[in-house]
Amino acid sequence: MKNLILTTAALALSAGFAMADTVRLGTEGAYPPFNFLNDDGEVDGFERELGDELCARAELTCEWVTNDWDSIIPNLVSGNYDAIIAGMSITDEREEVIDFTQNYTQPDPSAYMVLAGNEGLDVTDAVIAAQTNTIQAAFVADMGAQLVEFATPDETISAVRSGEADAVLADKSYLAPIAEENADLSLLDRDELIGGGIGMGLRESDEELRETFDAAIQSMKDDGSLNELIEKWDVGETF
Amino acid sequence: MFSYCTDPDTLSGLTWLSCYLTTGKHMALYGSFGTVLLLLAITAPTALALGFVGASAARSHIAPLSWLGKFYIAIVRGVPDIAFFLFFVIALDQGIEYLRHKLRCPDWSEPIRQGNDFVVCSAAKMPLSTAPQWLHEIYGFGLAVVTFAIVFGAFAANVLFGAMRAVPRAQIETAEAYGMSRRQAFWRVLVPQMWIYALPGLSNLWMVLIKATPLLFLLGVEDIVYWARELGGAKTARFTSYPHPDWRMWYFLALLVFYLVFTRVSEVALERLTRRLSRGQATAAGEALRKAATT
Amino acid sequence: MSCWQTIQDYGLRSLGYGERLLPRSDFTLCQQFTLIGSGLLWNIYFAVLALLAGFVLANALAVAKGAKTPILRKPAEWFIFVFRGSPLFIQFFFGYFLFLSLKGVSPVFTPFTSAALGALVVLFFNTSAYSAEIFHGALRSVPKGDLEAADAYGFSGLARFRRIVWPTAMRLAWPAYTNEAIFLFHATVLVFFSGFPAWQQKGDALYYASYFADKTFNPFIPYPILAGYFILLTLLIIGIFGLINRHLNRHLPQDARQRLRFRPNLIR
């Protein structure tokens, strides 16, 4: 009898969980410090902590999914997950296809990284490496410098080391720890302000969820917990 | 994994390596070898079945069926597999959800395409959004299997189509002389004999299929290439206990060895299969086997 | 902007002529067709040159693999095994890596780090290995009667190979070689996709297709366009190789020709 009651209680509990819809969060898992896979193969980083906290505040059950960067938006609009939280800058082109919450980081400048000793480089007349199909690649093409595109961020850095490219242009918070730990690489003083801040991406038809997350981000901004996270992971200026 | 791995910074040499190679991420890499093998094990028979259907359709006497079979073979063979993988999986997923939507939610009034969004009722989601993660992964894997099978089914159909034509016409005529119907002659005479003609083509197809598996990551399955890239990339000490420079070369070298060994094993196995299938066949190889047995 | 203007601006963009910047917004179908078509020039370039050069090396390898002396046979066997036994994806990775290291040794290798030459070399080796295996099989299945007839006519050595063995082997290998040509053509899309970097947004058809897929967030337009182009060119390859096959078999009676075309294909 006791067993029976316990089972029904468990059933009621799990039914309650099922009512509160699981929200699937899509991320890339290859972009430290925002999101990356830790040694155990789990999603970790600034956005992991942020996402978990947002879900707790909004009382949602959340699940993390990794997806290739190239198809991260098509898979969102086709409904394979419900939100993108992957270091995605808010841009006008993306706004046309998906909706964003308010930004949860300040606009992050992009920086140039060169071989140590080459700090005098004139970037407008140099070979600049960037990852294919990023805002940085588009920026370099606009600027008129020689653009060379690689499929992964790792390859862009190898390109600078091997002399294929004079510099690599990428988000500053991605490059800074690399330049810090490697004596043969260093950052230029010149920064470029390309993207807006980073926000969560949601389907345009999913207004309710957007408002939920928006409110949760606002509450984290208000009580200062977002600033703590930003400082902990070193992802730019605080609010 | 090991008890001494709690503080990797103090380790060096082989102990460091033993800890490094047993992190959760590396376990995922080892597991993904299983994923690749499983994919091959499921895809090969599925593609073969699809190829058989395609080839039978292509040689059918009913014109629309024959066109359909030939169309399938020609179109899918004409497209590079990567290009096909890049859009087909999403299309397939949306197709399945669309059908389920029509079945499950007939009273749904809102449009399915809202601007860029593809919105179906939550009961039609595949799998349901409440389903645990492993179900999502199995579903993704299933989509990958279907996509691979459709692509390689077209190549298999082409091989089987040729093999069916290669069975000597006299064999069919003899079957007809014995009073077999078209259907009987097909199943009892043509099909058992065509395999030996199809085998060289099918073995090559198997080799191509093995070498197409690095494309799995395009289909959203975390395969060996995904993990090799992930693990091999340079790691800074802030985000891992095991920082290292760009080691992709070593990981890709391991993959290279894996593929070479796998190819070699397949070659040996297929060689044996060819010998077995040649037994009792009206071909030169079958004749040689017969002679060897009698003398 | 009219479509004709778009073609003038972007028709040769993949080679670096025309507009410097790729379209940014208001993407039209015409732009997608033009740029993806422009990228196709690279795929054709890779396929044609690798096939032509590969045909020569493949023949040499096939003969070497059939040689009695292990000095010739072993290297040929290993070359074929390594390039047939590993995914092209990994070959590109190592190819690029190797050329980068060689560049440090001698500036002679500098051009090899670009896709135009480096990827071509990898594709050339790859297709040589696959074709060599096909030709090797064909050389072994030259009918014994043909060889005996050649002996009876007093052919020997090089003349026998050049006039009798080789033409027959080519006839036997042709259907399988056609398939190899199609596979190689399809494999060219891997060049910029993984492996070699794209300079100044000059890439192949898949590069531009994924550019549009990324900018419009809609994979259902650019990739089918790419697929359409490839189907057309694959049909063209089948047509050209079919003509060569007819030429190779022109002396055979009509029904024998037909049979050869549908022989069980030793596809790759």
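A salt bridge, for this talk, is a side-chain nitrogen of Lys or Arg within 4 Å of a carboxyl oxygen of Asp or Glu. The model I am showing is a predicted one.

Let me stay with that pair of chains. How many residues of chain C are in contact with chain B? The number is 36, and they touch 42 residues of chain B. Together chain C and chain B bury about 3600 Å², and 79% of that area lies on carbon and sulfur atoms.

Now the other partner of chain C, which is chain A. Here 22 residues from chain C and 23 residues from chain A take part in the contact. The buried area between chain C and chain A is about 2000 Å², with 50% of it on carbon and sulfur atoms. Three residues, C:Trp199, C:Gln200 and C:Phe217, supply 32% of the area that chain C buries against chain A, more than any other three residues.

C:Gln200 has another feature to point out. The residue sits in the loop between strand 1 (198-199) and helix 9 (205-216) of chain C. Its phi is positive, about 50 degrees, although C:Gln200 is not a glycine. Most residues other than glycine have a negative phi.

On salt bridges, the count between chain C and chain A is 2. In general, side chains of opposite charge can pair when their charged atoms come close. A:Glu164 and C:Lys103 meet in a salt bridge through their side chains, at 2.7 Å from N to O. Over all chains, a search of the whole structure finds 22 salt bridges. Another one lies within chain A: A:Asp184 pairs with A:Arg161, and their closest N and O atoms are 2.8 Å apart. That pair links distant parts of the chain, 23 residues apart. A:Asp184 is in the loop between helix 7 (172-181) and strand 12 (185-192) of chain A, while A:Arg161 is in helix 6 (residues 153-162) of chain A.

While we are on chain A, one peptide bond deserves a mention. A cis bond joins A:Pro32 and A:Pro33, with omega at about 0 degrees. A:Pro33 is in the loop between strand 2 (30-31) and strand 3 (35-37) of chain A. Most peptide bonds are trans.

Next, the build of chain C. Its secondary structure comes to 11 helices and 1 strand. From the N terminus on, the order of elements is α-α-α-α-α-α-α-α-β-α-α-α. The C-alpha trace of chain C spans about 75 × 50 × 25 Å along its principal axes.

I will take two helix pairs from chain C. Two packed helices are described by the angle between their axes and the distance between the axes.

Start with helix 1 (residues 3-10) and helix 2 (residues 29-65) of chain C, whose axes come within 9 Å and cross at roughly 30 degrees. Angles under 35 degrees count as roughly parallel, so helix 1 of chain C is roughly parallel to helix 2 of chain C. The crossing of these two helices is right-handed. Helix 1 of chain C contributes C:Cys3, C:Thr6, C:Ile7 and C:Tyr10 to the contact, and helix 2 of chain C contributes C:Cys30, C:Gln31, C:Thr34, C:Leu35 and C:Ser38. By type, the contact residues divide into 5 nonpolar, 4 polar and no charged.

Helix 2 of chain C also meets helix 5 (residues 115-140) of chain C, where the axes come within 6 Å and cross at roughly 40 degrees. That angle makes helix 2 of chain C oblique to helix 5 of chain C. This crossing is right-handed. The residues of the contact divide into 23 nonpolar, 6 polar and 2 charged.

Last, a pair from chain B. Is helix 7 of chain B roughly parallel or roughly antiparallel to helix 9 of chain B? The axes of helix 7 (residues 182-212) and helix 9 (residues 248-278) of chain B come within 11 Å and cross at roughly 170 degrees. That makes the two helices roughly antiparallel. Among the residues that meet here are B:Trp195, B:Trp206 and B:Lys211 in helix 7 of chain B, and B:Tyr259, B:Phe262 and B:Glu267 in helix 9 of chain B. The contact divides into 11 nonpolar, 5 polar and 2 charged residues.

Technical notes: Residues are numbered from 1 along each chain as its sequence is written. Chains are lettered from A and ligands numbered from 1 in the order in which they are written. This is a predicted model: local features need pLDDT of at least 70, side-chain atom pairs count only at pLDDT 80 or more; totals for chains, interfaces and linings use all residues. Side-chain values use heavy atoms; hydrogens and water are left out. Axes are lines fitted to C-alpha atoms, for helices over the stretch in contact, and angles run from 0 to 180 degrees between N-to-C directions. Helices (H or I, at least four residues) and strands (E, at least two) are DSSP runs, numbered from the N terminus. Angles under 35 degrees count as roughly parallel, over 145 as roughly antiparallel, 65 to 115 as roughly perpendicular and the rest as oblique. A crossing is left-handed if the near helix is turned anticlockwise from the far one by less than a right angle, and right-handed if clockwise. Contact means heavy atoms within 4.5 Å. Ala, Val, Leu, Ile, Met, Phe, Trp, Tyr, Cys and Pro count as nonpolar, Asp, Glu, Lys and Arg as charged, and the others, Gly among them, as polar. Buried area is the accessible area (1.4 Å probe) that two parts lose on being put together, summed over both.
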